[in-house]
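Hello,

Here is the structure for you to look over. My notes follow below it.

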Amino acid sequence: METLLTIKFTTSLMRAVLLGMLANVLLFSLACAQTTEPVMVAIAYPATSEESIPRASLRAILGMRLHKWPADTPVKVFVLKDDAPEHATFSKTVLQVFPHQLRMAWDRQVFSGQGQYPEQLGSTQEMLSRVASTPGAIGYVKASEVNQNVRVLRIR
Amino acid sequence: MYVCSGFARTACFALLGAVSLCGTEARALDLLGGDFQLHGFLSLGLVNTTDNNFFGHSDDQISKDFSEVGVNASWRLTPELQLAAEVLWRRAGGTDDGARLDYGLLDWTALAREQGRAGLRMGRIKTSYGLYNKTRDVPFTRPSIILPQSIYFDRTRNLTVSADGAEIYAEAYGEAGSLSASFAYGLPETGTDATKVPLVGLNRPGSMESNLAPDLQVIYEGSGGKYRLAFTALRVDLSYKPGSADRLQGGKLRLVPLIFSGQYNAENWSLTGEYAMRRSTIKDFGPFFYNGKQDGQSYYLQGTYRLSPQWEALLRYDAYYADKNDRDGQEFAAATGVPGFTRFARDWTLGVRFDVTPQFMLRAEMHQIDGAGFLASQDNPNPQALRRYWNNFMLQASFRF
């Protein structure tokens, strides 16, 4: 009888542990899903004339077609590497352009003499410091990583 | 490295030098805070055909005569002004071997607003012609090793590569999409045999001249480039100046291609189709030439699928008819004695692309072709020796910086 009880106890313990592990995995993967799709925002040099920008104009700027802010200052575009998750998320959710489409648009312009590539940066830290210190600069970071040295551009 | 001419060797060394300067990480040479950029590409191809020659002696052999090297520089002087130029060296069998200024232009954005821009380009300008022509020699921007030959002929390419003149352009950016239009007026390249031979044949002593050619293109891009629709209209007027003891008289050629293009881009796949109506009017060449008016017809449908970020597969059907009222070429054969199947080509293409790194790409493709319509006479001097059914296997390695 005692042995039966211990067996029952150990099996229920094992079940509990298994359930706990499963829940953990599930929660962890949910957390992962959240971190792979962070909220991205467009950021600009703090003294930029604009507070907000139409999505179509933002596309034209990131597509290296529009080179001036409405107040006539030159635009300087910073991006992360093509395979950076932030780049893919920003392209898809904010610009609503697939990253390979953006790359194709740059290639088409550079190799026909109609445009140039944006400057590619290696990290979010570099993105924040370059956008904060370059007049006319535009870039992007996760909303959670914005600091007071850059301006967040609202999409209108 | 199979390229043999001195220029190619120099260009390769220059490229390798530039690349080693940049290091392994950097893709480009950026000076003046990125306002000056230097970019380029180098590609080598192998071609093997079961019959007929394509890009060199490929019939039951492996031709190494397909390589492309390009170096370009661009300098953004102000937000309104940009200077850009590219030198291209290209070898493609008997049709092309040499260096040229591919483009060299000053781009002036006269007007720029949040909603759009308009401006003027002057100098040697890439010709607007379908979706792919402006970067037709840059392997990374093509969907396959060779572009669909029904529209982007490699045989008569020189007339549509670039033109010396000016182009006005306007673009509007709206929530629904962007609309771009350009109108160019320029002189296409006519001074080389590569232009003359496909139009009047081998061993003609005369020369070809062109009038200024108008070129109009309108492109609509919806939903950030998910949909792309384009219309192109081009007119090229050529006149032939006979040489001494020439069997041909001073004839005139007018070529008017109209191209309708459409593309849908999903995240992992794209569907592209283009349809071209090509009217050519040929007159006054005398009794030893095929004078007359012909309505050519070309179209292709192409699907690409991205299996992973590095792998892409392609399937395409491409059809070319020199004269849609004489699709099988029988009337032409009766009038000239040249086989009718030289007047059409139907090409099934299967291809794969592997991006080893963002700078280095490998490609392989197979063509199953019915017809000899896009073959060059420089590589196939005797039309009677041509075969109607043939296969083409191609490999290409491309590097860019």
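**Notes on chains B and A**

Chain B contains four helices and 19 strands. Helices (H or I, at least four residues) and strands (E, at least two) are DSSP runs, numbered from the N terminus. The radius of gyration of chain B is 21 Å, close to the 21 Å from the globule rule for 401 residues, so chain B is as compact as a globular protein of that length. That radius is taken over C-alpha atoms, and the rule is 2.2 Å times the number of residues to the power 0.38. The C-alpha trace of chain B spans about 65 × 45 × 40 Å along its principal axes.

This is a predicted model: local features need pLDDT of at least 70, side-chain atom pairs count only at pLDDT 80 or more, and totals for chains, interfaces and linings use all residues. Residues are numbered from 1 along each chain as its sequence is written, while chains are lettered from A and ligands numbered from 1 in the order written.

Now chain A. Its six strands form an open sheet, ordered β2-β6-β1-β5-β3-β4, with mixed pairing. Two strands pair if DSSP finds at least two bridges between them. β2 (52-53) and β4 (119-121) of chain A are at the edges with a single partner strand each, so one side of each has no neighbour in the sheet.

Strands β1 (residues 40-44) and β5 (residues 137-142) of chain A run antiparallel, joined by five bridges. I43(A) has G139(A) in β5(A) as its bridge partner.

Best wishes
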